[in-house]
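User: I have just opened this structure and would like a guided look at it. Could we go through it step by step?

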Amino acid sequence: MATGRTHRPATRSRGIPEATVARLPLYLRALTALSERSVPTVSSEELAAAAGVNSAKLRKDFSYLGSYGTRGVGYDVEYLVYQISRELGLTQDWPVVIVGIGNLGAALANYGGFASRGFRVAALIDADPAMAGKPVAGIPVQHTDDLEKIIEDNGVSIGVIATPAGAAQQVCERLVAAGVTSILNFAPTVLSVPDGVDVRKVDLSIELQILAFHEQRKAGEEAASPDGAGPASATRSESADKGPDGDVPAVMPA
C-alpha cells in the first residue's frame, strides 16, 4: 500500500497555480455529490454553481489539468472525479496523526470523511498519561513520548495539531524533526516551520470574526437605507460579490 512518505502530488511540478489547487477540493466535493446521484455529465455552468465559483474560472482551472469538456455534452463526471483525485494525491493512502485529543481532537478523530477522501488516521497522540490506551473512534490514544516512533512506523508525512496554543510549536517541531512535511494546525497560534514544510491553519474564531464584520457592516447599511434597497444596499451587494480579481473572494484560513 502506498503511503504519503513515498508519493507526492504533481501539482507544483506541473505549474498549477495555488489558487487553482485551493479550488480543486470544491470541484471534487460537487462532483462526488453528482456521482452519488449517478449523474453522468455536467456542464461547466452547473458545476461552477455547485462549487460556488464562476464558470470561466472553472474552465480555466480545468485547462491546467488538461481537461476540456465536450461542447453540447459537458464534462464526464466520473472521469473528472478520478482526474482531480489523482491530481490532489487522493488515489493513494495518506496516513495522518492527530496530536491533542481533547474535545476538538476527538471530534476530528470521529470525522467519517477522512477515509472516503484518501486519508487514514494512523494514530492519536496526547500528552496526558491518563489518556494513554483509551480508545477514541476505535483507535487507542498513544502518549507523546512515542511520537517519533509512531511517525516512523506508520510512514506519516501529514500531522494534525489540535493542542492548546502553548504546546503547538513544540509539537510542530517534533513532528517536523520526525519527518512530517505537511501540518494542519487547529491551535490558535502561528507556527514557525522550515522551508519545505507546508502549514494550513484553521482558526474558527477568526472566521467568526470575519462574519461579525460583515454583519456589522450590513446593520450599518440598513440603518443608512431605511427601505433596505437604497444605494447603500446596492453598493454592498456589488462589493461583496467581487474580490480584487472580479470574482467571489474565498474565505481562506489565516
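User: Where is D146 placed?

Analyst: D146 sits in the loop between β6 (139-143) and α7 (147-154). Please note that this is a predicted model.

User: Is D146 buried, partly exposed or exposed, and why?

Analyst: D146 counts as partly exposed because its relative accessibility is 37%.

User: How far apart are D146 and D126?

Analyst: In sequence, D146 and D126 are 20 residues apart. In space, their C-alpha atoms are 9.9 Å apart.

User: Let me step back. How many helices and strands does the chain have?

Analyst: The chain has 10 helices and 9 strands.

User: And what share of the residues is buried?

Analyst: Of the 254 residues in the chain, 39% count as buried. The accessible surface of the chain is about 14200 Å², and carbon and sulfur atoms account for 56% of that surface.

User: What about contacts across the sequence?

Analyst: Taking contacts between residues at least 6 apart in sequence, 58% join residues at least 24 apart.

User: Now the helices. At what angle do α1 and α3 pack?

Analyst: Helix α1 (residues 18-36) and helix α3 (residues 55-64) pack at about 105°, and their axes are 11 Å apart. The two helices, α1 and α3, are therefore roughly perpendicular to each other.

User: Which residues make that contact?

Analyst: From α1, the contact uses T20, R23 and Y27; from α3, it uses K57, L58, D61, F62 and Y64. By class, the residues of this contact of α1 with α3 are 4 nonpolar, 1 polar and 3 charged.

User: What does R23 touch?

Analyst: R23, which lies in helix α1, touches V53, K57 and D61, leaving aside residues up to four places away in sequence.

User: Is R23 buried or exposed?

Analyst: R23 is buried, because its relative accessible area is 16% and the cut-off for buried is under 20%.

User: How do α2 and α3 cross?

Analyst: The axes of α2 and α3 come within 8 Å and cross at roughly 100°. Helices α2 and α3 are therefore roughly perpendicular to each other.

User: Which residues meet there?

Analyst: S44, E45, L47 and A48 in α2 meet S55, L58, R59 and F62 in α3. The contact of α2 with α3 comprises 4 nonpolar, 2 polar and 2 charged residues.

User: While we are at α2, where is A50, and is it buried or exposed?

Analyst: A50 is in helix α2 (residues 44-51). With 52% relative accessibility, A50 counts as exposed.

User: Are F62 and Y75 buried or exposed?

Analyst: Both F62 and Y75 are buried.

User: What about Y111 and F114?

Analyst: Y111 and F114 also form an edge-to-face aromatic pair, at 5.1 Å centre to centre and 85° between the planes. Y111 is partly exposed, with a relative accessible area of 43%, whereas F114 is buried, with a relative accessible area of 18%.

User: Which residues form an aromatic cluster?

Analyst: Y27, F62 and Y75 form one aromatic cluster. Y27 and F62 also take part in the contact between α1 and α3.

User: One last topic, the backbone. What is phi of S38?

Analyst: Phi of S38 is near 60°, a positive value in a residue other than glycine. S38 is found in the loop between α1 and β1 (41-42), and S38 is exposed, with a relative accessible area of 63%.

User: And what is phi of A137?

Analyst: A137 has a positive phi of about 55°, although A137 is not a glycine. A137 is located in the loop between β5 (135-136) and β6. At 38% relative accessibility, A137 counts as partly exposed.

Key. Residues numbered from 1 in each chain as written. Predicted model: local features only at pLDDT ≥ 70, side-chain atom pairs only at ≥ 80, totals over all residues. Heavy atoms only, no water. Helix = DSSP H or I, 4+ residues; strand = E, 2+ residues; numbered from the N terminus. Buried < 20%, exposed > 50% of the residue type's maximum accessible area, 1.4 Å probe, protein only. Contact = heavy atoms within 4.5 Å. Areas by Shrake-Rupley, 256 points an atom, 1.4 Å probe, with all protein chains shown as cover. Axes fitted to C-alpha atoms, helices over the stretch in contact; angles between N-to-C directions. Parallel < 35°, antiparallel > 145°, perpendicular 65-115°, else oblique. Nonpolar A, V, L, I, M, F, W, Y, C, P; charged D, E, K, R; others polar. Phe/Tyr/Trp six-rings, centres within 6.5 Å; stacked < 30°, edge-to-face > 60°.
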